Amino acid sequence: MVSFNVTFTLIVYMGFILYGLHSQSRLLKLYFSQLDEEESHSNDELVSMPKNKTSRLRIRKGTSVVYRKFRQSAKQNQSKPTFSTDASRKQPVQTRQSNRTKPTLRSSHHPNHTKPSFQALHRPIPQNGTSTSPVRKWAYAFLVGGCGQTKPEYKGFIYNVAVAAQRFRELGSAADVLVFVQMSVHTEEIELPEEETRLLESNGVRIIYLPKFARPVHEKFYALVQEKFRILELTDYSRVLFLDSDIMPLCSMDYMFELSEPETGEPTLKENVVLAWRLEPANAGFFMMKPDLEDFASVQDAILKREEKALTLPWPHWDPVEGWGHVIEASDAWRTPDRVIGTNWTWHAVFADQGLLYYWTKYVKQSVSLIINKDIENWGSKNGTFVLESTNHDAILNEYTCVPPVRGKYLFGNSPYRDFKHFTGRSKPWQQNQSSVFETMSMEGEPILPAEKWYRALAIASKKADVQLNFSFATEGGHGDPPVGRFSDYGTMINHIKAKRANNWTAYEDVGKV
């Protein structure tokens, strides 16, 4: 009997151990799935990962001794706790009343340099229309860079923009679709080939060409993603929703505009909307802003100040405590759908577009709706201080989706997450085996898989434009990866900044001629 009790106790004990290992394995698997989106991070990059529902700063193996000392010194100089838990959040939570009226959607400084003017630095894009502020005029915007026949891998992203435009129209969207195009520094071409132009314009896509970068050192992911904030220059529109150029809509997301700028009543969403991702409080692949030229200048000023400071810091030229210019307190800690909570600037691409997006909307503009899975946090300003105005936990955006609930998908089961497909990494349709492309295009019935929907929409878009599709770039050029790379890293960041400083703090060519 004693032997049986001992054996049973050991079995139960081993069960708890295995369960704990399984839970930790799940967290690690979830974390490293994010790193699969990257080829190889610098050994000195900072990452954050969840543990016991709090965030822990991890300094990857190989971090320099200088930077370790800098980090330790920075922490000692802070009187605040580094991380917070749910219980330590001091802000009162107010839940929006559920008896709301559902809106009706529309149908169809470096000291040795003198800084040039803002216009010379940033080369404003051409504007259409009048100077008056538009009302309820909306657009979806995409960005494709590194375009040119020397690196034809960009073509897949151009195809995807055409697919998105076709699907938005098919799904009943009344918003415009536009794409920022930046031609490669490696080519003499100044515009896309005629067939690609026709593919886009025949499907209602407005093409806006950005100035070229001055040198190849700038034509990298880190620099290109800063161009996303060009949507603030689009003063023809009252709201613009930016989407990465490998996103395909599954539903019309006009409701995002409508909830931010309703025809009557109070808005549910702020003019700035940021979507949290698994381990990041801000995903710069999906965000909405209200165009304003002064706000665009403010963003560029934030970039310049942060890059000037980077030159004064040891590798990796990033301060995880102050980040873009604000020490996060426990009362305004960031959080993610995976219940990661933190007060350090340590998430993926935090030194690039994703950190800038979070910093500017929350701490500079002080007006943003943060969508965190089913929750919506509305942050505003009171007496010059940012405050959490309200939190809604009711998954209210699910009322507007056209996609049925997805079982087992805790994140992608809620809108707007489930209303689009982000073909991350090398999961893009144009990077897959091309032997079944035409078979997929000629399928009868409604396509089910996202890749099938993509090819079907591309077939319709290409027929409308009367162009022949060419996927040789995806088979002959390797994996069809973006010409500018697939992620931001500290190495390309600091090289870009040094080159900008040497060129009077601009990355664009012929800037002195403006």
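Is Cys 147 buried or exposed?

1. In this predicted model, Cys 147 has a relative accessibility of 0% and therefore counts as buried, since the cut-off for burial is under 20%.

2. The search for disulfides, run over the whole structure, returns one. The bond is formed by Cys 251 and Cys 402, with a distance of 2.0 Å between their sulfur atoms. The link is left-handed, with a value of -110° about the S-S bond. Cys 251 is located in the loop between strand E7 (247-249) and helix H7 (254-260), and Cys 402 in the loop between strand E14 (385-392) and strand E15 (420-422); the pair therefore ties together parts that lie 151 residues apart in sequence.

3. Cys 251 has a relative accessibility of 1% and so counts as buried. Cys 402, at 46%, counts as partly exposed, because that class lies between the 20% and 50% cut-offs.

4. Helix H8 spans residues 293-310, a run of 18 residues. From its first C-alpha to its last, H8 reaches 26 Å, which is close to the 26 Å expected at 1.5 Å a residue.

5. At the start of H8, Asp 292 places a side-chain oxygen within 2.9 Å of the backbone nitrogen of Glu 294.

6. The buried residues of H8 include Phe 296, Val 299, Ala 302, Ile 303, Leu 304 and Ala 310. Asp 295, Gln 300, Arg 306, Glu 307 and Glu 308 are also among the buried residues of this helix.

Key. Residues numbered from 1 in each chain as written. Predicted model: local features only at pLDDT ≥ 70, side-chain atom pairs only at ≥ 80, totals over all residues. Heavy atoms only, no water. Helix = DSSP H or I, 4+ residues; strand = E, 2+ residues; numbered from the N terminus. Expected span 1.5 Å × (residues − 1). Buried < 20%, exposed > 50% of the residue type's maximum accessible area, 1.4 Å probe, protein only. Polar contact = N/O pair within 3.5 Å; in protein donor to acceptor, adjacent residues only side chain to side chain. Disulfide = S-S within 2.5 Å.
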